[in-house]
Amino acid sequence: DNQALLARTEALRLSDPSTAMGLLSEVDQNSLNQAERLRYRYLEAYLSTFNGDLDHTLAMYSALLEDVPESALRIRVLTSMLGVASYKKNWRQSFELAGSLDDLLEQVRAPERQPEAYKGLLVFYNNVEQQDIALVYASRILNHTLATKESKCFALTMRNEINLKRQAVNENAFYDAISLCESAKQPYYVTFNNVHLFEFYLEQQELDKAQIIAQDALRKVNSVDFVYLRSSFIAAYARLKAAMGDTEEARKLALDVLQLDKAEQFQESLIDAYQLLSTLEADAGNFAQAYAYLTTLNRLEASFHSEQVAKSLALQQARFDLKNKESQIELLDKKNQLLSTESELVQEQVQSMIMALGLAVFAVIALLFWSYRTRRLQNRLRHLATTDALTGVYNRGHFAERSQQLISKASDNSQPISLIFFDLDHFKRINDTHGHQIGDWVLCEVVKTIEQCCIANKHLVGRIGGEEFGILMDNTDQSTALAFAERCREAINTIDTHFSGFNFNISASFGVSDTRQVGYNLDNLFSASDLALYQSKKYGRNQVCGYDGSASDL
Ligand SMILES: Nc1nc2c(ncn2[C@@H]2O[C@H](COP(=O)(O)OP(=O)(O)OP(=O)(O)O)[C@@H](O)[C@H]2O)c(=O)[nH]1
């Protein structure tokens with residue numbers, strides 16, 4: 001079933017990748033659950049390493065990282081991806097992956113995954129010349145309770161290799177590693193330690209000891225199919241032979257190195273071999289041959305050094321890029337903080353503006369309302385000041401004021417103006433007989449009746465006092481005014497009083513004068529009409545009298 005197929009694929013993925021690939025292809029992808037599907041994809045990416053298209057492998061891992069949650073599988077993906085990225089010399093990506101992996105190991109409690117991840121980090125940091133960090137990871141593996149013997153063998157081997165370069169190791173460290181790797185059944189790493197021990201003895205000029213382990217090492221080196229290990233050992237072995245005076249064997253071994261690595265993959269061993277060969281040939285007097293080796297040696301050294309320089313530059317650049325990115329992220333963080341503060345500020349400003357706007361709108365509305373109220377009050381006050389509260393016609397003061405305006409205008413235009421005064425007859429009697437309320441009703445009915453006779457813009461009606469009223473007639477001479485007064489008198493006299501609940505008669509006496517008689521003078525007009533009215537009263541009331549004198553009679 002799928003579970004078993006995935007487990008077998010995983011077990012064989014390193015030792016027998018092609019069988020593992022076959023097993024993986026048998027998995028029924030449709031019946032996988034979420035977790036199995038992710039494991040399947042991991043194995044698929046892992047095995048794709050052996051197809052050689054490492055960019056494709058990296059792309060598969062990247063896609064997988066998008067979908068794998070913070071889990072043990074994520075640690076595996078990062079570890080494997082780190083190996084591929086650093087093999088591809090994608091230094092920047094490698095540094096990033098190493099950083100993520102380290103962070104994840106801190107966060108996730110997956111101790112069973114730690115040794116494998118530490119291995120990845122150990123290899124990476126060793127590869128990028130950060131041996132101090134690499135040694136930290138080696139120690140972590142060696143001290144880890146869940147680390148397998150294989151992992152510990154690997155960590156110890158790497159530690160020895162690093163310390164050998166630093167000349168900070170003793171032979172026991174190699175023997176410890178050899179016995180550990182033997183018990184872990186890791187012949188490859190046993191050999192590795194043998195080679196390193198051999199190099200150590202050579203370094204220490206302990207040629208006898210080197211000689212003793214040389215045969216065994218050579219046998220082991222030849223049994224593992226790894227050119228790097230073989231060529232570096234054989235180059236070292238050639239040096240030993242030369243140091244011991246066995247120039248023939250030394251030359252033979254050095255030539256073996258050249259033969260072994262025709263592709264010039266492992267330049268350090270080749271440089272060792274060429275150096276030895278040119279020295280041997282020079283010592284033997286074969287200068288032409290020595291010169292030829294020296295030429296190749298120079299080329300290899302130049303290429304090796306430029307590669308080293310390029311690598312260290314690339315590493316520096318990657319580290320610089322990362323630092324730069326980190327500081328950019330910090331800068332962005334600060335910018336974001338600034339922006340959010342700014343946006344808070346803007347929001348506050350907007351809120352203040354909205355509030356200010358609200359206040360302004362409120363103030364405008366209040367102002368409009370206030371001015372409306374004021375105007376209404378003004379109108380009301382003006383109305384109260386100018387009109388008679390009971391009948392609604394102009395009061396005496398305003399009637400006189402408006403009359404004066406019209407007289408002045410008429411005087412300018414030389415047009416006649418007439419003034420009618422009328423006074424209700426025996427009004428006191430009405431009040432006394434029917435009550436004051438009925439008296440009020442009569443006053444209102446009389447005004448209504450008069451207004452019906454009047455023309456709005458031409459006639460001005462006012463209450464002069466008590467039961468006396470005036471009508472100023474624009475552009476009207478006395479004869480026309482007399483006729484109009486007569487119509488008014490008749491109208492008043494025919495008012496139907498039964499609506500008041502009583503039946504009685506209403507009448508009024510009229511006096512009329514005009515400006516032709518008394519001039520454009522308000523007082524004169526008032527006096528003349530008053531005189532005429534007095535006459536009407538005197539001659540029996542309910543009649544119209546015209547002023548028949550002149551201004552000088554007043
Ligand atoms: N109901 C009422 N009576 C008023 C009003 N103003 C004045 N009067 C009354 O009108 C009466 C006027 O009486 P008089 O001056 O004697 O005049 P009259 O009774 O009309 O007599 P003649 O003018 O001589 O016809 C008084 O009794 C006043 O109290 C008012 O607004 N309402």
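Predicted model: local features only at pLDDT ≥ 70, side-chain atom pairs only at ≥ 80, totals over all residues.

Reader: Which residues of helix 4 are buried?
Author: Leu54, Thr57, Leu58, Met60, Tyr61, Leu64 and Leu65. Seen down the helix axis, they fall within an arc of 160°, so they line one face of helix 4.

Reader: How far apart are the end C-alpha atoms of helix 4?
Author: They are 20 Å apart. Helix 4 has 14 residues (54-67), and at 1.5 Å a residue it should span 20 Å, so the two values agree.

Reader: OK, helix 3 now. What does its buried side pack against?
Author: The buried residues of helix 3 pack against helix 1 (2-12), helix 2 (17-25), helix 4 and helix 5. Among those buried residues are Leu38, Tyr40, Tyr42 and Leu43.

Reader: And which residue caps the N-terminal end of helix 3?
Author: Asn33 does. One of its side-chain oxygens lies 3.2 Å from the backbone nitrogen of Ala35.

Reader: New topic. Where is Val446 found?
Author: In helix 19, which covers residues 436-453.

Reader: Is Val446 buried or exposed?
Author: Buried, because its relative accessibility is 0%. The cut-off for buried is under 20%.

Reader: What is Val446 in contact with?
Author: Leaving aside neighbours within four places in sequence, Val446 contacts Phe422, Leu424, Ile492, Ile495 and Ile506.

Reader: How far is Val446 from Ser507?
Author: Their C-alpha atoms are separated by 9.4 Å. Along the chain, the two are 61 residues apart.

Definitions and conventions:
Residues numbered from 1 in each chain as written. Heavy atoms only, no water. Helix = DSSP H or I, 4+ residues; strand = E, 2+ residues; numbered from the N terminus. Expected span 1.5 Å × (residues − 1). Buried < 20%, exposed > 50% of the residue type's maximum accessible area, 1.4 Å probe, protein only. Arc of directions from axis to C-beta. Contact = heavy atoms within 4.5 Å. Polar contact = N/O pair within 3.5 Å; in protein donor to acceptor, adjacent residues only side chain to side chain.
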